[in-house]
Amino acid sequence: FDFLDVQEAVDIHADPPSCMDDHPAVHNAYIRAFIAAAFYNATHAAVYHDLEGKECLLHTAQQANPDIEYVGLNNFARTLPTFLRRLGLSTDQFIVYFFVCDICWKLCHPSELSELLSPDCTVADCDGSLYMSKRLADGTLKQTPIKIIPYVPPKRALQRFLLRPGKWDQFQHWCGPEDQPGHVPPIPGNGYDSFPDPSKPMRDIYDGYGWRMIEAGLGHQRGGCWEIEDVDVHELHQRFISLPCGLVWQINIDWFQAVKGKSGYHSMGAFYAVICNNPHSIHYLPEETILVMVMPGPDKPSLEEMNYLLEL
């Protein structure tokens, strides 16, 4: 798939957020609303009522002090998506909303929706549907996907990750004198023979011999009728972690009940990634986790159906 439509403007971080031109009381209200939503589980409704109350309070203060101009109050944001854009924190532009067949889970790019001539699945012998059609009051025909897959391209997510001050240096915390970037081959052997000092206790993944055995440039090749092998396609003979940006990802999948009650069960899934180069103590913190994909319910896809999603 082509993700050129999910690109960030080059100068998006060159200028301060637009709300910084507002009165300090206005952008302070936005910042506190963001903290409530990000760290204290405030819902969209709670954020709306909080900002609506602060807007009324600021209007009252302005009426009591006409000499003070509350810049930004006339177009005060009340909803979570709006004030996130004002703060420069909105990530909507990085999310691609794929849609899938409701039976076989064949994956389709959002740009394909307007080009489809029928809601029927394009896979042979599949009776599934891709979208529903509805005639609006103005006569236009609206096509709504049945199952939507929100997806964040990992490359874009990582680029935003590395905008955090000091994050790159934190990724290198495990490096020793022998782990500097450069053309270094993977260590040979396996088991205890690969440890310089077998008696040294291991504290994390980067203390294991496998950490320095990971090869760069691997590609899948069929090794037999039922076998897939990892092959150094370009014969780089390069240790992956010795690349300038050799970050090792751990991909996880988990399922949860989004709805549970008299109406039945609705199981949803999530692909999420953690970066193993992080210090062990922060591996699984929410702010260090990248939510790559959300899989809709109500049922879990089969292994064959999930293979379509892994094409991404």
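**A close look at rings, helices and a loop**

A: Arg-164 lies over the face of Phe-161, at 4.1 Å from the ring centre; a charge is said to sit over a ring if NZ of Lys or CZ of Arg is within 6 Å of the ring centre and within 35 degrees of the ring normal. This is a predicted model, in which local features need pLDDT of at least 70 and side-chain atom pairs count only at pLDDT 80 or more, while totals for chains, interfaces and linings use all residues. Residues are numbered from 1 along each chain as its sequence is written, and side-chain values use heavy atoms, with hydrogens and water left out.

The aromatic rings come next. Searching the whole structure gives 6 aromatic pairs, where rings of Phe, Tyr and Trp (its six-membered ring) pair if their centres lie within 6.5 Å, and planes under 30 degrees apart count as stacked, over 60 as edge-to-face and the rest as tilted. One of these pairs is tilted, because the rings of Tyr-30 and Phe-76 have planes at 40°, with their centres 5.2 Å apart. This pair links distant parts of the chain, 46 residues apart, since Tyr-30 is in helix H1 (residues 24–39) and Phe-76 is in the loop between helix H2 (44–64) and helix H3 (80–87); helices (H or I, at least four residues) and strands (E, at least two) are DSSP runs, numbered from the N terminus. Tyr-30 and Phe-76 are both buried, a word that stands for under 20% relative accessible area, with exposed meaning over 50% and partly exposed in between (1.4 Å probe, protein chains only).

Tyr-30 also forms an aromatic pair with Phe-83, and this one is stacked, at 6.3 Å centre to centre and 10° between the planes. Here too distant parts of the chain are linked, with Tyr-30 in helix H1 and Phe-83 in helix H3, 53 residues apart. Phe-83 is buried, as is Tyr-30, and Tyr-30, Phe-76 and Phe-83 form one aromatic cluster.

H1 and H3 pack at an angle of about 120°, with their axes 10 Å apart; axes are lines fitted to C-alpha atoms, for helices over the stretch in contact, and angles run from 0 to 180 degrees between N-to-C directions. H1 and H3 are therefore oblique to each other, given that angles under 35 degrees count as roughly parallel, over 145 as roughly antiparallel, 65 to 115 as roughly perpendicular and the rest as oblique. H1 passes H3 in a left-handed crossing, meaning that the near helix is turned anticlockwise from the far one by less than a right angle, whereas clockwise would be right-handed. The contact (heavy atoms within 4.5 Å) is made by Tyr-30, Ile-31, Ala-33, Phe-34 and Ala-37 of H1, together with Leu-80, Phe-83, Leu-84, Arg-86 and Leu-87 of H3.

H2 packs against H3 at an angle of about 70°, with the axes 9 Å apart, and these two helices are therefore roughly perpendicular. His-44, Val-47 and Leu-51 of H2 make that contact with Leu-80, Pro-81 and Phe-83 of H3. For H1 and H2, the axes come within 10 Å and cross at roughly 160°, so this pair is roughly antiparallel, and H1 passes H2 in a right-handed crossing. Among the residues that meet here are Ala-29, Tyr-30 and Ala-33 in H1 and Val-47, Leu-51 and Leu-58 in H2.

Pro-296 lies between strand S10 (289–295) and helix H6 (303–309), and Pro-296 is buried, with a relative accessible area of 13%. Leaving aside residues up to four places away in sequence, Pro-296 touches Trp-105, Lys-147, Ile-148, Ile-149, Ser-267 and Met-268. The place of Trp-105 is in the loop between strand S1 (96–100) and strand S2 (107–108); Trp-105 is buried, with a relative accessible area of 3%, and its phi is near 65°, a positive value in a residue other than glycine. Pro-298 is also found in the loop between S10 and H6, and a cis peptide bond, with omega about 5°, joins Gly-297 to Pro-298.
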